[in-house]
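Here is my note on the structure you asked about. Please keep the view open as you read, and take the points in order.

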Amino acid sequence: MSSLTVFLLIVAALVAVVVLEFVRTKRLRARYALMWIAISVGGLVGVVALPLIDWVADQIGVTGPSLFLLTIVVLTTMLGMGLTLHLTRLEQRTERLAQEMALLRRRIEDVEDVEDVEGGSARP
Amino acid sequence: MRRRNLDDVNVLAVVVPALNEAATIAAVIESCAPLGAVVIVVDDGSTDDTARVARLSGADVLRLPYNLGVGAAVRVGLLRARSLGATEVVVMDADGQHDAAHASLLLEPVRAGRCDLAVGSRFAAGYRVGPARRFIMVRFARLASRRLGTTITDATSGFRAFGAKALEVLPERYPTEYLSDTVETLLIAAELGLRVEEVPVVMRVRQGGRPSNGAFASAYHLGRMVTVLLASLLGLSGRRAP
């Protein structure tokens, strides 16, 4: 095993531990944890299959490490894109919720105003 | 009572989106008195006394829990107007730049059935801006004109009148952020088949407060707007509900 392999194995294991810890402390939802675990496992497979990656690299004429890095860059980019898509949807939802809230709060004030008048409470 | 009954003849509501405009909001609300309309002030997360001052001035006040953007405030105002039974709405700024006396000018083509959305143009009546801003505003105006099949000179004007049809279909699609609330809304109106007309209005100097955006924020909003417009050129304009 090359030192690169050992290093990557450690990184993958660390990611797995950190992710599981986040899930345990409820800072990360299981469905996102799955994504990270998948990446982690994918990384492990990649590490073990480094000879395979080298073979692919040879076939398309690049050196191993740069192909490996390229894979990582592509994966992270896709991950980032997915997250911003998700973030957009969440933002749209909270915006709508905030707006609904303002409208509903006003409706409650309407009802309270009517009650005040009917109850004959002193109100200027 | 601060709420007026909108079930009878009068079905006009004035919507005023406000962000930290405690200094001017009372005067704006008072200036609307001759219109005989309920004035709906939507406080977009102000940190000053805007909401309280507006309430004391007799407005129907709604408060967003945190700052969302002009578009969100206008949308909430339109929905509130609708739930109060309004069939026509004038939207005007809280800083006193828009003259309530011009509201009837804006409403005229709506009432005459010539359009569903009237835009008050500042350029048509001698509004001056710097060359860079002017260049951008002209681009926006041309784009809106082409889409709408009518001449728009001031696509970023927030002084607008909404007719019944616009009130019915626009709130569902109303964009949240600054610049989108004006320019993008026109494109959405075109897409929804609403008729838009421009009416010349005179702008007054802002009566107090300060512009909501600095140069940096303006550049950001501009970049964002260009992205939105490019997307809409590609026919990718967001239609997916949240």
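1. **A term to start with.** A salt bridge here is a side-chain nitrogen of Lys or Arg within 4 Å of a carboxyl oxygen of Asp or Glu. Arg52(B) is partly exposed, with a relative accessible area of 44%. Asp49(B) also counts as partly exposed, at 36% relative accessibility. Side chains of opposite charge can pair when their charged atoms come close.

2. **What kind of model.** This is a predicted model. Please keep that in mind for every value below.

3. **Chain B in outline.** Chain B has 242 residues, and 52% of them are buried. Its elements are eight helices and seven strands. Now look at contacts in chain B with a separation of 6 or more: 75% of them join residues 24 or more positions apart.

4. **Strand E1 of chain B.** Is this strand buried or exposed? Seven of its seven residues, 12-18, are buried, so E1(B) is largely enclosed by the rest of the structure. In a regular strand the side chains alternate between the two faces of the sheet. Check that here. Leu12(B), Val14(B), Val16(B) and Ala18(B) point one way. Ala13(B), Val15(B) and Pro17(B) point the other way. Both sets are buried.

5. **The partners of E1(B).** Which strands pair with E1(B)? One is strand E2 of chain B, residues 38-43, which runs parallel to E1(B) and is joined to it by six bridges. Within that pairing, Pro17(B) stands opposite Val42(B). Another is strand E4 of chain B, residues 88-91, again parallel, over four bridges. There, Leu12(B) has Glu88(B) as its bridge partner.

6. **Glu88(B) again.** Glu88(B) is buried, with a relative accessible area of 11%. Arg111(B) is exposed, with a relative accessible area of 51%. The cut-offs explain the labels: buried means under 20%, and exposed means over 50%.

7. **A loop residue to check.** Where is Ile152(B)? Find the loop between helix H5 (131-148) and strand E6 (160-162) of chain B. Ile152(B) is buried there, with a relative accessible area of 3%. Leaving aside neighbours within four places in sequence, its contacts are Ala141(B), Ala144(B), Ser145(B), Leu186(B), Val196(B) and Glu198(B). For scale, His102(B) is 50 residues away from Ile152(B) in sequence, and their C-alpha atoms are 18 Å apart.

8. **Where the chains meet.** The size of an interface is often given as the accessible area lost when the parts come together. Chain A and chain B bury about 1900 Å² between them, and 50% of that is on carbon and sulfur atoms. The contact takes 19 residues from chain A and 23 residues from chain B.

9. **Charges across the interface.** How many salt bridges run between chain B and chain A? The count is three. One of them joins Asp60(B) to Arg106(A), with the closest N and O atoms 3.7 Å apart. Six residue pairs are in polar contact between the chains, both residues being at pLDDT 80 or more. On the chain B side, strand E3 (60-63) and helix H3 (70-83) are the elements that give two or more residues. H3(B) gives the largest share, six residues. By class, this side has 13 nonpolar, two polar and eight charged residues.

10. The structure holds 16 salt bridges over all chains.

How values were computed. Residues are numbered from 1 along each chain as its sequence is written. Chains are lettered from A and ligands numbered from 1 in the order in which they are written. This is a predicted model: local features need pLDDT of at least 70, side-chain atom pairs count only at pLDDT 80 or more; totals for chains, interfaces and linings use all residues. Side-chain values use heavy atoms; hydrogens and water are left out. Contact means heavy atoms within 4.5 Å. Buried area is the accessible area (1.4 Å probe) that two parts lose on being put together, summed over both. A polar contact is a pair of N or O atoms within 3.5 Å; within protein, one must be able to donate a hydrogen and the other to accept it, and residues adjacent in sequence count only if both atoms are side-chain atoms. Ala, Val, Leu, Ile, Met, Phe, Trp, Tyr, Cys and Pro count as nonpolar, Asp, Glu, Lys and Arg as charged, and the others, Gly among them, as polar. Buried means under 20% relative accessible area, exposed over 50%, partly exposed in between (1.4 Å probe, protein chains only). Two strands pair if DSSP finds at least two bridges between them.
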